[in-house]
Amino acid sequence: MKSLKVVFLGTPEFAKTSLEAIHQSNHEVVGVVTVADKASGRGQKINQSPVKVYAAEHNIPVFQPEKLRNSEFLESLRALDADVFVVVAFRMMPKVLFEMPGMGTFNLHASLLPDYRGAAPINYAVINGEEKTGATTFFINEKIDEGNILLQEEINILPDENAGSLHDRLMEMGSKLVVKTLDGLAENAIEERPQPHVEQPKNAYKIFKEDTKINWDASSKTVHQFILGMSPYPAAFTTLKIGDEEKGLKIYAGKFEITNHGKPAGTLEISKNSFKIYTQDGFYEPLELQLEGKKRMNIKDFLNGFRNFDEIKMA
């Protein structure tokens, strides 16, 4: 099989797995483009992206441009004479960059396009209670996630699966799909096809802090799926009032029951052995949670941390 020269563009762990798969395949990674190193945490420790760490360990040239239109950077990339660029979890790219290689630039997206275009496809597939999702490789054009499809593969979402678990399964499946796409392009065996036109495709907009607040007025199932879809990151939250203090409470996992209760949605019922929050049609019981300023813990340890349950209310 013909070996392609590849420039890989990506940043997080999800991307690193695809980079590793390409590196271990018949194809040659001639360069990697990733985000600039960032100082973070209390000690302002310099953090390198998982993609950079892998590339450095395997002596692959790394580029970390502040601006993707930087002429020096573009010239350096052009000099690598790559056949194709592969993008996984990167950022918006200018036309001058994605049109550079002869075969074009393709992206791996963690959904069955055209549904769930956007930054958070895995979270929204779980939040919306989908039974299946998948991964798509497609050629990049000037519109976000709208280019011609190369390959697509489905995966079932397991009952009570959270976004973290689905992320890890799609990461593995997606890395294989990337190599399969490179193999197909090398052999001229893939027929690209336009994305099907859907009147109202499901969206996967970027998730901001205010989007992670739990709406207890919703149905129990909706609340449950929302918490799973936000777990473990960015994590769904509600606010408790403990005495005179308001504290955020992240909820990572739990169970629900549908029952007639006649209580206002959002009513809290808490005791030594039980923590229930009433919804529109039943109640939700958190099983893994994290109170602001504390570490993540199970419900038993959480309840053991209180002496007076009467002072705890929903804010």
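Asp160 lies in the loop that separates strand S9 (149–156) from helix H6 (163–186); helices (H or I, at least four residues) and strands (E, at least two) are DSSP runs, numbered from the N terminus. The phi angle of Asp160 is near 60°, a positive value in a residue other than glycine. Asp160 is also exposed, with a relative accessible area of 54%. Here, exposed means over 50% relative accessible area, buried under 20%, and partly exposed in between (1.4 Å probe, protein chains only).

The model is predicted: local features need pLDDT of at least 70, side-chain atom pairs count only at pLDDT 80 or more, and totals for chains, interfaces and linings use all residues. Residues are numbered from 1 along each chain as its sequence is written, and side-chain values use heavy atoms, with hydrogens and water left out.

A positive phi also occurs at Asp81, which is not a glycine; its value is about 55°. Asp81 is found in the loop between helix H3 (71–79) and strand S6 (84–88). With a relative accessible area of 52%, Asp81 is exposed. Most residues other than glycine have a negative phi, and most peptide bonds are trans.

Two peptide bonds to proline are cis. The bond from Leu113 to Pro114 is cis, with omega near 15°, and Pro114 lies in the loop between strand S7 (105–109) and helix H5 (121–127). Tyr233 and Pro234 are likewise joined by a cis peptide bond, with omega about 5°. Pro234 belongs to the loop between helix H7 (220–229) and strand S10 (236–242).

The description now turns to strand S2. Five of the six residues of S2 (residues 28–33) are buried, so this strand is largely enclosed by the rest of the structure. The chain reaches S2 from S1 through helix H1 (residues 13–23), in a β-α-β crossover that is right-handed. The term right-handed means that, with the strands pointing away from the viewer, the path from the first strand over the helix to the second runs clockwise.

Strand S1 (residues 5–10) and S2 run parallel and are joined by five bridges; two strands pair if DSSP finds at least two bridges between them. Within this pairing, Val6 has Val29 of S2 as its bridge partner. S2 also pairs with strand S5 (residues 62–63), in the parallel sense and over two bridges. There, Val33 stands opposite Phe63 in S5.
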